Amino acid sequence: MTDSRDKILHAAGPVFAKKGYKSATVREICQIAEVNVAAVNYYFGDKESLYIETVKHATRSLQAKIPLPNWSDDAGPEIRLRGMIRTLLTRLLSDAAPWEQQLMMREVLHPTAACRAMAEEYFRPHFELLLGILNQLLPADTPEHKRRQIGFSIVGQCVHYRLAAGAVEMLTPDNERQYFEIESLAKHIADFTLASIASGCQIAESDSRPLESRL
């Protein structure tokens, strides 16, 4: 990777994160990168391709700044689940990777062509890792769709504290704020998930009949 290509990617990240794909301009990115506008076409082809590569760069940068735990071979699934949840919350809520978080959340909420690339390169491998951990905790006969529902439930709880941060802050008394920091939230979500699995309440098949036929 050349210096100019690196400069463009590093400049594009914060600009796309702040303004979005449509409002960001190649000219502004190139001014920040201190390269000629023609360099974008040379290295990336066009603005859309630059954006897709920038989103990919964001996922790699986020993982480098906030990596997954380095589990030992004998680490059990409970430990791995807690570490996975803590890492996800840290990536969502900490200030360690601000533009990466902002750009990725923008892409999730307002998906473009880059969303599929992000899903394949970042979301899918992490979700498969989460499912692998859950497979060690769930009964062997748990249906595949139920495993995915539980996985999405875990992710959804974590993402909630990013998307609804303002509402959470308004609804939380000052003397309870410490319970909504990353470590406390990670413990709560992990404890809640493990307790649900242990009780079987999330594993049992739900009744798919229409409500009126169950009354």
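Before you start, note that the model is predicted, with local features needing pLDDT of at least 70 and side-chain atom pairs counted only at pLDDT 80 or more, while totals for chains, interfaces and linings use all residues. Residues are numbered from 1 along each chain as its sequence is written, and side-chain values use heavy atoms, leaving out hydrogens and water.

In all, you can look for 7 aromatic pairs. Rings of Phe, Tyr and Trp (its six-membered ring) pair if their centres lie within 6.5 Å; planes under 30 degrees apart are stacked, over 60 edge-to-face, and the rest tilted.

Select Tyr 122 and Phe 123 to begin. Their ring centres are 5.3 Å apart and their planes meet at 65°, so this pair is edge-to-face. Tyr 122 is buried at 6% relative accessibility, whereas Phe 123, at 34%, is partly exposed. (Buried means under 20% relative accessible area, exposed over 50%, and partly exposed in between, with a 1.4 Å probe and protein chains only.)

Next, select Tyr 161 and Phe 180. Here the centres lie 6.5 Å apart with planes at 50°, so the pair is tilted. It links distant parts of the chain, 19 residues apart: Tyr 161 is in helix H8 (residues 144-163), and Phe 180 is in the loop between helix H9 (165-171) and helix H10 (182-199). Helices are DSSP runs (H or I, at least four residues), numbered from the N terminus. Tyr 161 is buried, at 17%, and Phe 180 is partly exposed, at 32%.

Finally, select Phe 16, Tyr 21 and Tyr 51, which form one aromatic cluster.

Technical notes. Helices (H or I, at least four residues) and strands (E, at least two) are DSSP runs, numbered from the N terminus.
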